[in-house]
Amino acid sequence: MSFIVRTSGDVLKFALPLYDYLSQNGHVEEADALAKVVDSCYPQDTQALDAHRRAYKQIRETVHDLPSHYLLALDNALAILSV
């Protein structure tokens with residue numbers, strides 16, 4: 001399965017499969033942090049995207065066993081969020 005992450009909407013949608021992977025593969029702390037970001041209500045889209053950027057960056061730095069298709073999607077999401 002591959003993930004297509006080309007837009008900010010895709011960035012937000014990617015959070016759920018990433019959460020599922022993390023929670024099912026022993027990365028409970030990272031999954032919980034991502035769940036808090038996703039479950040939070042932000043008054044502006046920019047705040048939500050910034051929160052996703054921080055969570056994705058933490059995951060990228062701490063989870064070293066992501067499958068290649070998750071890693072590619074995560075890197076694409078971070079590239080979109082850094083613009």
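Which residues form one aromatic cluster? In this predicted model, the cluster is made up of F3, F14, Y21, Y56 and Y70.

**Aromatic pairs**

The count of aromatic pairs comes to five. One of them joins F14 and Y70 in a tilted arrangement, with 6.4 Å from centre to centre and 45° between the planes. This pair links distant parts of the chain, since F14 sits in helix α1 (residues 8-24) and Y70 in helix α4 (residues 68-81), 56 residues apart. F14 and Y70 are both buried. Y70 also pairs with Y21, again in a tilted arrangement, here with 4.8 Å between the ring centres and 35° between the planes. Because Y21 lies in helix α1 and Y70 in helix α4, this pair ties together parts that are 49 residues apart in sequence. Y21 is buried, as is Y70. The two pairs are set out below.

| Pair | Centre to centre | Angle between planes | Arrangement |
|---|---|---|---|
| F14 and Y70 | 6.4 Å | 45° | tilted |
| Y21 and Y70 | 4.8 Å | 35° | tilted |

In soluble globular proteins, nonpolar side chains tend to be buried together. The largest nonpolar core of this model has 24 residues, and those with the most contacts inside this core are F14, L18, L22, Y56 and L66. Helices α1, α2 (28-39), α3 (45-62) and α4 each supply at least two residues of the core. F14, which belongs to the aromatic cluster and is among the residues with the most contacts inside the core, is in contact with F3, V5, Y56, Y70, A73 and L74 when its neighbours within four places in sequence are left aside.

**Packing of α2 against α3**

Two packed helices are described by the angle between their axes and the distance between the axes. For α2 and α3, the axes come within 9 Å and cross at roughly 170°. With angles over 145 degrees counted as roughly antiparallel, α2 and α3 are therefore roughly antiparallel to each other. On the α2 side the contact is made by E30, A33, L34, V37 and V38, and on the α3 side by A51, H52, A55, Y56, Q58, I59 and T62. By residue class, the contact of α2 with α3 divides into eight nonpolar, three polar and one charged.

Two residues of this contact may be followed further. E30 lies in helix α2 and, at 13% relative accessibility, counts as buried. Leaving aside neighbours within four places in sequence, E30 is in contact with L22, I59, T62 and V63. The C-alpha atoms of E30 and Y70 are 14 Å apart in space, and these two residues are 40 residues apart in sequence. H52, found in helix α3, is likewise buried, with a relative accessible area of 6%. Not counting residues up to four places away in sequence, H52 touches V11, L12, A15, V37, V38 and L81; among them, V37 and V38 belong to the α2 side of the contact with α3.

**The segment before α1**

Is S2 buried or exposed? S2, which is found in the segment before α1, is exposed, with a relative accessible area of 59%. The C-alpha atoms of S2 and S68 are separated by 9.2 Å, although these residues are 66 residues apart along the chain.

Note on methods: Residues are numbered from 1 along each chain as its sequence is written. This is a predicted model: local features need pLDDT of at least 70, side-chain atom pairs count only at pLDDT 80 or more; totals for chains, interfaces and linings use all residues. Side-chain values use heavy atoms; hydrogens and water are left out. Rings of Phe, Tyr and Trp (its six-membered ring) pair if their centres lie within 6.5 Å; planes under 30 degrees apart count as stacked, over 60 as edge-to-face and the rest as tilted. Helices (H or I, at least four residues) and strands (E, at least two) are DSSP runs, numbered from the N terminus. Buried means under 20% relative accessible area, exposed over 50%, partly exposed in between (1.4 Å probe, protein chains only). A nonpolar core is a set of buried Ala, Val, Leu, Ile, Met, Phe, Trp, Tyr and Cys residues joined through side-chain atoms within 4.5 Å. Contact means heavy atoms within 4.5 Å. Axes are lines fitted to C-alpha atoms, for helices over the stretch in contact, and angles run from 0 to 180 degrees between N-to-C directions. Angles under 35 degrees count as roughly parallel, over 145 as roughly antiparallel, 65 to 115 as roughly perpendicular and the rest as oblique. Ala, Val, Leu, Ile, Met, Phe, Trp, Tyr, Cys and Pro count as nonpolar, Asp, Glu, Lys and Arg as charged, and the others, Gly among them, as polar.
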